[in-house]
Amino acid sequence: MASATKPVAFFLLIFLFPFSLHASKSADPTPAPWPHQFHSILIMNQTQTGALQVNDLWYDWPNGRNFNILQNQLGKLTYDLEWDNGTSYIYTLDSDKECRVLHFDVGILHPNWLDGATYLGQQYLDGFLCNVWEKVDFIWYYEDVLTKRPVHWLFFNGYSAHVMTFEEGAVLEDANWQAPVYCFLDDKEEEKRNSPVTEVGVRVSKGVPGRFIREVINASAGLQAVIEGA
């Protein structure tokens, strides 16, 4: 009886093993889509240069807009206002009244921009147990296992973002989304960026990862990559 049982058990093991692998793969967690509106404070760190920056980020998908308010360490406060039509206004509100108007072929990140990311497993980071995904060999995304809130982004070039706060549903008042009048002067130089993806890292190095992530992901799908120049 025992000898007859062993071949049957062995056959069942071989037969069920591929299904076990499939079930394990299909059970991999997927990253939570971004809330359609949120506010987040990010500590940005460029490990290659040591540069630090605070990014006060407002994401507003229903209204097609994304706002990065950027404080460089002991430096200027810069506003990067992005619209889903591809227009960006990068300006200061100090006495210099600086403004650059940029045009891109892509808009802001979709809430599901992490779809298709490769699951790498779990890792502790910043004191949180995180699920980790990699997207197009460009960004590693860490999400808290318990709350599914983002914890950390790591870029291929060592640039990282530590998520300090994440307020789902927070909305910045409409009046704050208006670029200053000097961004609309007739003689304002406007730039259209059509740089190849080989220039990867330029926009990230300036602490504004959102649009750049989408550009690289689009490029990986065979679309044209557009990133900000120096």
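**Exercise 1. The chain as a whole**

What share of the contacts in the protein chain with a separation of 6 or more comes from residues 24 or more positions apart? Describe the overall make-up of the chain as well.

*Solution.* Start with the ground rules. This is a predicted model, in which local features need pLDDT of at least 70, side-chain atom pairs count only at pLDDT 80 or more, and totals for chains, interfaces and linings use all residues. Residues are numbered from 1 along each chain as its sequence is written, and side-chain values use heavy atoms, with hydrogens and water left out.

Step 1. Take the contacts (heavy atoms within 4.5 Å). Residues 24 or more positions apart account for 51% of those with a separation of 6 or more.

Step 2. List the elements. Helices (H or I, at least four residues) and strands (E, at least two) are DSSP runs, numbered from the N terminus. The protein chain has two helices and twelve strands. Along the sequence the pattern reads α-β-β-β-β-β-β-β-β-β-β-β-β-α.

Step 3. Turn to the surface. Buried means under 20% relative accessible area, exposed over 50%, and partly exposed in between (1.4 Å probe, protein chains only). Of the 230 residues in the protein chain, 45% are buried. Accessible areas come from the Shrake-Rupley method with a 1.4 Å probe; for residues, only the protein chains shown count as cover. The chain exposes about 12300 Å², and carbon and sulfur atoms supply 59% of this area.

**Exercise 2. The surroundings of R65**

Locate R65 and find the polar partner of its side chain.

*Solution.* Step 1. R65 is in strand β3, which covers residues 65-72.

Step 1. Is R65 buried or exposed? R65 counts as buried because its relative accessibility is 6%.

Step 2. Look for a polar contact: a pair of N or O atoms within 3.5 Å; within protein, one must be able to donate a hydrogen and the other to accept it, and residues adjacent in sequence count only if both atoms are side-chain atoms. The side chain of R65 makes one with the side chain of D174, at 2.7 Å.

Step 3. Leaving aside residues up to four places away in sequence, R65 touches W58, Y59, D60, E82, W83, I108, L172, D174 and W177.

**Exercise 3. Two aromatic pairs**

Classify the ring pairs Y79–Y91 and Y89–F184.

*Solution.* Step 1. Set the rule. Rings of Phe, Tyr and Trp (its six-membered ring) pair if their centres lie within 6.5 Å; planes under 30 degrees apart count as stacked, over 60 as edge-to-face and the rest as tilted. The structure holds 17 aromatic pairs.

Step 1. Apply the rule to Y79 and Y91. Their ring centres are 5.4 Å apart and their planes lie at 5°, so the pair is stacked. Y79 lies in strand β4 (residues 77-83) and Y91 in strand β5 (residues 87-91), so the pair ties together parts twelve residues apart in sequence. Both Y79 and Y91 are buried.

Step 2. Y89 lies in strand β5 and F184 in the loop between β11 (159-168) and β12 (190-192), so the pair ties together parts 95 residues apart in sequence. Y89 is buried at 14% relative accessible area, whereas F184 is partly exposed at 41%.

**Exercise 4. The nonpolar cores**

Which residues have the most contacts inside the largest nonpolar core?

*Solution.* Step 1. Define the core: a set of buried Ala, Val, Leu, Ile, Met, Phe, Trp, Tyr and Cys residues joined through side-chain atoms within 4.5 Å.

Step 1. The largest has 21 residues, and W34, W113, Y141 and W153 have the most contacts inside it. Elements giving two or more residues to this core are β1 (37-46), β2 (51-60), β9 (139-144), β10 (150-155) and β11. β11 gives the most, with four residues.

Step 2. Another core lies apart from it, with 15 residues, among them Y79, V101, A170 and A179.

Step 3. Check the rings. W34, F38, Y59, W113, Y141, W153 and F166 form one aromatic cluster.

**Exercise 5. The disulfide**

Find the disulfide and give its handedness.

*Solution.* Step 1. Search for cysteine sulfur atoms within 2.5 Å. The count comes to one disulfide. C99 and C183 form it, with sulfur atoms 2.0 Å apart.

Step 1. The torsion about the S-S bond of C99 and C183 is about 115°, so the disulfide is right-handed.

Step 2. C99 lies in strand β6 and C183 in the loop between β11 and β12, so the pair ties together parts 84 residues apart in sequence.

Step 3. C99 is buried at 10% relative accessibility, and C183 is buried at 2%.
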